[in-house]
Amino acid sequence: MLGFFVTTLITALSILVVDLVVPGVGIATFTAALLAAVSLGVVNGSVKPVLKLVSLPVTFLTLGAFSLVVNGLCFWLASVLVPGFTVNGLIGFILGPVVLSAVSTFLSGYFAKNDVESKIAGVGEKLKLNKGEGDRIDAVKEQEKLEGTS
């Protein structure tokens, strides 16, 4: 579940970067970026496989270049579903998903390299109480003892 939230946050941050870099793509608020990230996940998980299957002959004939159109269509469809997220023009339609993919890949690699998910989970473990019979400080001291022996 934590992986879903981290992935959604990475996608939302990537959409904000796309808003800054690609003309024709607009995001009104960070909340709109989060909703757009979820919408992109739903569209890419449900609509995109069908579009890829239907457009397979054209994609084959164009040596894969038509997949940019499929990605753009899914990106645009996500923008239709989310208020505050707009995709206008051919540049936003084609270049938006390409930049989104590049930034998302970079951020995912950065967070994986720095092991952010386990650090976030570790914070939760440090704040737990000792089975209801102590305070938070005892739990933190116990965690520090465990980390010191490793």
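The structure is a predicted model, in which local features need pLDDT of at least 70 and side-chain atom pairs count only at pLDDT 80 or more, while totals for chains, interfaces and linings use all residues. Residues are numbered from 1 along each chain as its sequence is written, and side-chain values use heavy atoms, with hydrogens and water left out.

The angle between H4 and H5 is about 90 degrees, and their axes lie 8 Å apart; axes are lines fitted to C-alpha atoms, for helices over the stretch in contact, and angles run from 0 to 180 degrees between N-to-C directions. On the H4 side, the residues that meet H5 are Leu68, Val69, Asn71, Gly72, Leu73, Phe75 and Trp76, and their counterparts in H5 are Gly92, Phe93, Ile94, Gly96, Pro97, Val98 and Leu100. Ten of the residues in this contact are nonpolar, four are polar and none is charged. Here Ala, Val, Leu, Ile, Met, Phe, Trp, Tyr, Cys and Pro count as nonpolar, Asp, Glu, Lys and Arg as charged, and the others, Gly among them, as polar.

The chain contains seven helices and two strands, arranged from the N terminus on as α-β-α-α-α-β-α-α-α. Helices (H or I, at least four residues) and strands (E, at least two) are DSSP runs, numbered from the N terminus. Of the 150 residues in the chain, 28% are buried, where buried means under 20% relative accessible area, exposed over 50% and partly exposed in between (1.4 Å probe, protein chains only). Of the contacts (heavy atoms within 4.5 Å) between residues at least 6 apart in sequence, 59% join residues at least 24 apart.

Helix H4 comprises 16 residues, 66-81, and spans 23 Å from its first C-alpha to its last, close to the 22 Å expected at 1.5 Å a residue; the expected span is 1.5 Å times one less than the number of residues. Its buried residues are Val70, Gly72, Cys74, Phe75, Ala78 and Ser79. These buried residues pack against helices H1 (2-21), H2 (30-54) and H5 (89-113), and against strands S1 (25-27) and S2 (85-87).

The loop between H4 and S2 holds Val82, which is buried at a relative accessible area of 6%. Beyond residues up to four places away in sequence, Val82 touches Ala32, Leu35, Ala36 and Ser39. The C-alpha atoms of Val82 and Ala36 are 6.0 Å apart, although 46 residues separate the two in sequence.

Apart from neighbours within four places in sequence, Thr59 is in contact with Gly64, Phe66 and Ser67. Leu63, in the loop between H3 and H4, is exposed at 80% relative accessible area. Most residues other than glycine have a negative phi. Leu63 is not a glycine, yet its phi is positive, at about 55 degrees.

Aromatic rings of Phe, Tyr and Trp (its six-membered ring) pair if their centres lie within 6.5 Å, and planes under 30 degrees apart count as stacked, over 60 as edge-to-face and the rest as tilted. By this rule there are three aromatic pairs. The ring centres of Phe4 and Phe5 are 5.6 Å apart and their planes stand at 65 degrees, so this pair is edge-to-face. Phe4 is partly exposed at 48% relative accessible area, and Phe5 is partly exposed at 47%.
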